[in-house]
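The following note sets out points for the file on this model. Please read them alongside the coordinates.

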Amino acid sequence: QRRTNHTWSTWSEFAENLSISIDPEFEPEEMEQGYRSTRQILDYASHLLEPEYRHPEALMEGPVPLVRKAKENQLPAAVRRSVVELCDRFADGKVAVIGIDPDGLRQELLSAGWRRTSERYTFGDDDGHKVGVFKPVMARGLEFDGVVVVEPADFPDNLGKHGRLYTALTRANKELVVVHSKPLP
């Protein structure tokens, strides 16, 4: 989830560059199992990673991410449908939509009868559904039961890598839906 490719490659290098004195016995441990997302979500997102990192392990299991292709003019309806389905499944949880154009996504929800709630970036409908609408940088560090990622092809690369998209895909703890009209990265 790092924001740049210009960073320290190890914890030891990081500590040394910050002049933090480290016990000579210091041995950083790498987490080898994902704890936030399911194996199926991490498997799906790992296709954006370098080949040596494409075999993630996770503590949780779940359904394979749903990829929903729609014509461009049907994309908003497909997003709303996906949101309602996730809200129904996670009525006591949190659901989010993540896309490059959150203002457009919010406007689509408002046009469909959803309303702003007292929670920032969150919208609700008459059936009690609630969804947060975020751009990728706003979703960093957050976790949701279900996530709809909209139009992955629009997510910008960073030095040829798909960090923002990877982060968006891995915000879901339980279920991921990808809605697109353009070819997937």
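1. The structure contains one cavity of 30 Å³ or more. A cavity is here a set of points, on a 1 Å grid over the protein atoms alone, where a 1.4 Å probe fits but cannot get out. The largest cavity has a volume of about 50 Å³, a volume being the space filled by probe spheres set on the points, with grid points joined across faces, edges and corners.

2. The model is predicted: local features need pLDDT of at least 70 and side-chain atom pairs count only at pLDDT 80 or more, while totals for chains, interfaces and linings use all residues. Residues are numbered from 1 along each chain as its sequence is written, and side-chain values use heavy atoms, with hydrogens and water left out.

3. The lining of the largest cavity consists of Pro76, Val79, Arg80, Val83, Val97, Leu105, Glu108 and Leu109; lining residues have an atom within 4 Å of a point. Six of the lining residues are nonpolar, none is polar and two are charged. In this scheme Ala, Val, Leu, Ile, Met, Phe, Trp, Tyr, Cys and Pro count as nonpolar, Asp, Glu, Lys and Arg as charged, and the others, Gly among them, as polar.

4. Helix 3 (75-89) and helix 4 (102-111) each supply at least two residues of this lining. The largest share, four residues, comes from helix 3.

5. The secondary structure of the chain comprises six helices and nine strands. Helices (H or I, at least four residues) and strands (E, at least two) are DSSP runs, numbered from the N terminus.

6. Seven strands form an open sheet of mixed pairing, in the order 3-9-8-4-7-6-5. At its edges lie strand 3 (66-69) and strand 5 (115-116), each of which pairs on one side only; two strands pair if DSSP finds at least two bridges between them. Strand 6 (residues 122-124) pairs with strand 7 (residues 130-134) in the antiparallel sense over three bridges, and threonine 122 has glycine 132 of strand 7 as its bridge partner.

7. Proline 136 belongs to helix 5 (residues 136-139). Is proline 136 buried or exposed? Proline 136 counts as buried because its relative accessibility is 7%, the limits being under 20% relative accessible area for buried and over 50% for exposed, with partly exposed in between (1.4 Å probe, protein chains only). Not counting residues up to four places away in sequence, proline 136 touches Ile98, Gly99, Ile100, Phe155 and Arg164, contact meaning heavy atoms within 4.5 Å.

Methods: On a 1 Å grid over the protein atoms alone, a cavity is a set of points where a 1.4 Å probe fits but cannot get out, and a pocket is an open set with protein on both sides within 12 Å along at least five of seven lines; lining residues have an atom within 4 Å of a point.
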